[in-house]
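Dear colleague,

Please find below the structure that I am handing over to you. My findings follow directly after it, grouped by topic.

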Amino acid sequence: MVKKLRNFFKGTYLGLMLVFLYAPIIVLMVFSFNDSKTMGNWTGFSFRWYEALFRDSTIMSALGVTFSVAIISAVVSTVIGTFAAIGLNSMRKRPRAIIENISQLPVVNPDLVTGISFMMLFAALGIRDGYTRMLVAHITFNIPYVILSVMPKLRQSSNMLYEAAMDLGCTPWQALTRVVIPDIMPGIVSGFIMAFTLSLDDFVVSWFATDGIQNLSIYIYSSARRGISPKINALSTLLFVAVVTLLLFINLKSIREEKEADIQRKKLKTKTR
Amino acid sequence: MKRTVFAYPYVVWMLIFILAPMLMIGYYAFTSEGAFTMENVVGALTNEMYMQVLLRSVWIALKATVICLLLGYPIAYLLSNMKKSTASLLSVLFIVPMWMNFLLRTYAWQVLLSPSGLLNGLLEVLGLPTQQFLYTESAIMLGTVYNFLPFMILPIYTVLSKMDRSLIEASHDLGANSVTTFLKVIFPLSIPGVISGITMVFIPAITTFAISRLLGGGKFMLYGDLIENQFITLGMDAWGSGSALSFILLVLVLISMAIMRKAERDAGEEGGGKLW
């Protein structure tokens, strides 16, 4: 009896916390289908805010900026970061420690400070173009994360591989692209995904670094400051659904792979018997 | 050809885009028309309004951190006691909201709390007078807690679920009841998780600026808003004082990180070990 009561309280607590976390999101999604402009006042089901969303050229261009910056910055930072990790890995301790410490700065620094420092640097260098500014800023804060995810893989793989490849007649470039890089591929891929999501989600650094153009975060911030528009509800709904689908897809894939591995293992067992 | 060469492009990039901007903050914070001065930093530290804003930011961040700990620890604890499969599913549920842009999450609360919003609608239905929820200090607190709660749950859950269960059984075998076991065994062992949870909530909370603007309506400036204001609204003339404010914020962050590191070391090595 006591145990049942205790379980009931446990379940209630977790349930309430989930309600706290999800209620705002669900309300946002429900009211994206509302016919009326005022929130909290349900006047009927409609897709009009979704139509308005796709006809809004400001939002569509912000969407374009967000995705193109995310893709380009992820690719560039993955390339630079991977080569940097390979170089660092064969450096002597001293210079390596210095470089690694400096490259940790954007990770440790509050985003706000990173953003401001970019703003001052771009002004000093005379880089005016807003898109270039955002791209450079995103590449810069992405690289340390790529290095962080490639480094452990490099440590696992043997230092001899590169030399062995060269002894067998590879040029340095061939040794790198045919031997070293395939060996650390999982680290490179997870670095790329991380860079892509970080860039997609960034607001603070972009807000300070860029000038004159908007990505989605900047658009949301400046329009939410002016007041609430159901168009943003529709946008949030689409983005949230996209992210959750992606997550489910990735998770289901890994679960299925695990299951298949399990079945294979069982088959092997019965065979050996 | 030595492999170190491959790092050179990054080294150049790093010097221009990481090191140089940081040095610029230092430069602008400590010079005035090219000459060294402490004026900016001293000015920022003695300005009564600035100090008020700083104290408010620290106070709100502290309160939000404590609330996150009080709400998050039980969640992490309950999750860690569940069956592995249920626990991993539920922990994903607690993380999913983090995958939504934090501005959208904050905006969602703006919608809920607004005068014509759902919460006031609910009060009306119940026949109660409507309240001003939005643009209050409590709204900022709520937004901060909401945004950073998963950062508290995750590290504590990781430590608790890696904990050696036999220690708890041993404690029970030696005659301790559940409360004593929790206070003397489970909680002390989870301290590394608690500390990184506190770090991961307190530091972003103290440097935030958008939450206070959206939920506080600009009435309750935080330190981040102050810095933003210097750079965005006031422009180049305020770079000196703005850099000084950023410098102070950075020092504050480094101090709190040093405190957490020390607390972690004091907690000893027997804890859950490395987190991530």
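Lys10(A) is located in helix 1 of chain A; helices (H or I, at least four residues) and strands (E, at least two) are DSSP runs, numbered from the N terminus. With 15 C-beta neighbours inside 10 Å, Lys10(A) is classed as partly exposed. The criterion counts other C-beta atoms, placed from the backbone, within 10 Å of the residue's own: 20 or more make a residue buried, 12 or fewer make it exposed, and anything in between makes it partly exposed. Lys10(A) and Leu154(A) are 144 residues apart in sequence, and their C-alpha atoms are 44 Å apart in space.

Please note that this is a predicted model, in which local features need pLDDT of at least 70, side-chain atom pairs count only at pLDDT 80 or more, and totals for chains, interfaces and linings use all residues. Residues are numbered from 1 along each chain as its sequence is written, while chains are lettered from A and ligands numbered from 1 in the order in which they are written.

Gly44(A) counts as exposed because 8 other C-beta atoms lie within 10 Å. Between the C-alpha atoms of Gly44(A) and Met119(A), which are 75 residues apart along the chain, the separation is 46 Å.

**Chain A as a whole**

Chain A contains 13 helices and zero strands. Its radius of gyration is 25 Å, whereas a compact globule of 273 residues would have one near 19 Å. That radius is taken over C-alpha atoms, and the globule rule is 2.2 Å times the number of residues to the power 0.38. The C-alpha trace of chain A spans about 75 × 70 × 40 Å along its principal axes. Of the 273 residues in chain A, 39% are buried.

Contacts are defined by C-beta atoms, placed from the backbone, that lie within 7 Å of each other. In chain A, 78% of the contacts with a separation of 6 or more join residues 24 or more positions apart.

The domain assignment divides chain A into domain 1 (59–227) and domain 2 (230–273); such bounds come from an automatic or database domain assignment. The C-alpha centres of these two domains of chain A are 27 Å apart.

**Chain B: overall organisation**

Chain B has 12 helices and two strands, in the order α-β-β-α-α-α-α-α-α-α-α-α-α-α along the sequence. Its C-alpha trace spans about 75 × 70 × 40 Å along the principal axes. Of its 276 residues, 44% are buried. Residues 24 or more positions apart make up 75% of the contacts in chain B with a separation of 6 or more.

Chain B is assigned domain 1 (1–37) and domain 2 (49–266), and the C-alpha centres of these domains of chain B lie 33 Å apart. Their contact takes four residues from domain 1 of chain B and six residues from domain 2 of chain B. On the domain 1 side, helix 1 (residues 8–30) of chain B gives the largest share, three residues. That side of domain 1 consists of three nonpolar residues, one polar and no charged.

Helix 1 of chain B has 23 residues and, at 1.5 Å a residue, should span 33 Å; its end C-alpha atoms are 31 Å apart, which agrees. The expected span is 1.5 Å times one less than the number of residues. This helix 1 of chain B has a kink of about 35 degrees centred on Met14(B), the bend at a residue being the angle between axes fitted to the seven residues ending there and the seven starting there. Its buried residues include Trp13(B), Met14(B), Phe17(B) and Pro21(B).

For helix 3 (residues 48–80) of chain B, the 33 residues should span 48 Å, and the end C-alpha atoms are 47 Å apart, which agrees. Helix 3 of chain B also has a kink, of about 25 degrees, at Gly72(B), shortly before the proline Pro74(B).

With kind regards

Note on methods. Two residues are in contact if their C-beta atoms, placed from the backbone, lie within 7 Å. Ala, Val, Leu, Ile, Met, Phe, Trp, Tyr, Cys and Pro count as nonpolar, Asp, Glu, Lys and Arg as charged, and the others, Gly among them, as polar.
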